[in-house]
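Hello,

I am passing on a structure that will be new to you, with some notes on what turned up. Have a look at it first, and then read on.

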Amino acid sequence: MYSKAVASLIALACCAPGAAWSQSALMKQAQGLFKPIPASAPPLPGNSSTPAKLALGKMLYFEPRLSESHTISCNSCHMVGMGGVDLQETSLGHRWQRGGRNAPTVYNAVFDIAQFWDGRAKDLEQQAGGPLVNPVEMGTTETHVVEQLKGIPGYATAFAKAYPGASDPITLDNVRKAIAVFEATLITPDAPFDHYLAGDDKALDAAQQEGLALFISKGCAACHNGVNIGGGMYAPFGVVERPGAEILPPGDKGRFAVTKTVSDEYVFRVPSLRNITLTAPYFHTGKVWDLRQAIAIMGSSQLGATLTDDEVGKIQTFLGALTGQQPAVTLPILPPSVATTPRPKP
């Protein structure tokens with residue numbers, strides 16, 4: 001099912017082999033396949049943003065006391081200022097445990113079809129609650145999240161402002177909603193490629209345009225398209241040829257764990273390529289640190305193409321044009337603990 005869909009998209013995306021595109025034709029093709037990052041965060045269905053809710057969400061995103069040990073926050077694995085990742089193969093969690101997959105970037109995640117590599121969370125709100133109660137990540141419980149926040153007096157005011165009229169505003173649902181509102185603001189507009197898509201043919205230099213032409217003609221754009229240059233579909237890792245066991249461990253069957261559908265074995269959400277030069281290591285295993293190597297693996301595994309060193313270099317040059325304006329986030333001042341605040345459990 002996925003192979004046919006990918007093949008169909010490739011057929012639509014590709015020009016004739018060896019064809020030379022005019023500058024205007026290349027731009028027109030790109031504008032049909034990709035969309036620029038908007039200047040402001042998109043609204044979340046059923047979860048409207050207010051200044052008070054946004055402020056609360058930022059506090060909670062940086063709040064280590066949401067973890068059982070009081071040492072891990074959302075920002076620990078999705079660091080603002082470092083591409084929205086932690087630069088680790090797999091993240092370090094509760095009691096020094098390692099997660100099973102590489103932490104995807106939180107930047108522009110609001111534009112993805114779903115969250116996590118296997119898409120098990122439908123949106124940011126659902127995703128925000130997962131790591132809290134994962135015993136390998138933050139290691140707490142739903143009950144203790146509420147107990148912890150109610151034990152920090154300053155949060156009573158913050159939640160009351162964010163959810164006016166609620167008789168009991170400190171709930172797990174409201175925690176998730178507030179974090180999601182903040183995470184939705186972590187977008188990176190104004191990449192050179194965004195300006196190019198807006199019609200500025202000088203936003204990409206000649207080398208970047210050559211890389212873009214290859215990115216489309218080789219078939220990369222079949223899966224990496226849309227506003228996030230990816231993130232909009234699921235695909236098997238190894239459409240043509242499966243990579244080795246280190247990069248594609250046989251025990252991690254991807255989306256199959258969610259759907260229990262045989263055709264979903266080794267299927268993962270296609271990652272966004274936005275800010276890709278900032279978010280090594282690559283793939284769900286985090287085993288590849290060199291972007292050039294990642295490009296070559298994608299060529300052989302997904303497209304059945306042996307890319308030359310020159311082609312890999314040109315595609316890499318284009319991918320550098322996907323780095324946008326990074327979010328400038330002022331660290332929140334978190335409310336202090338008191339004598340009765342629940343204490344950490346290392």
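Let me start with T279, which touches G83, V85 and T105, leaving aside residues up to four places away in sequence (contact means heavy atoms within 4.5 Å). T279 sits in the loop between β2 (267-269) and α12 (291-303); helices (H or I, at least four residues) and strands (E, at least two) are DSSP runs, numbered from the N terminus. With a relative accessibility of 10%, T279 counts as buried (buried means under 20% relative accessible area, exposed over 50%, partly exposed in between, with a 1.4 Å probe and protein chains only).

A word on the basis of all this. This is a predicted model, in which local features need pLDDT of at least 70 and side-chain atom pairs count only at pLDDT 80 or more, while totals for chains, interfaces and linings use all residues. Residues are numbered from 1 along each chain as its sequence is written, and side-chain values use heavy atoms, with hydrogens and water left out.

Next, the salt bridges. The structure has 16 of them, a salt bridge being a side-chain nitrogen of Lys or Arg within 4 Å of a carboxyl oxygen of Asp or Glu. One joins D118 and R120, at 3.0 Å from N to O; D118 is buried at 4% relative accessibility, and R120 is partly exposed at 40%. Both belong to a network of salt bridges that links R101, D118, R120 and D252.

Another salt bridge pairs K218 with E311, at 3.2 Å from N to O. K218 lies in the loop between α10 (206-217) and β1 (234-236) and E311 in helix α13 (residues 309-319), so this pair ties together parts 93 residues apart in sequence. K218 is partly exposed, at 28% relative accessible area, while E311 is buried at 16%.

K202 and D201 also form a salt bridge, their closest N and O atoms being 3.8 Å apart. Here K202 is exposed, at 71% relative accessibility, and D201 is partly exposed, at 28%.

What about disulfides? There are zero in the structure, taking a disulfide as a pair of cysteine sulfur atoms within 2.5 Å. For C77, the nearest cysteine sulfur is that of C74, 8.9 Å away; C77 is buried, with a relative accessible area of 13%. For C223, the nearest is that of C220, at 9.3 Å, and C223 is buried too, at 12% relative accessibility.

Enjoy exploring!

Best wishes
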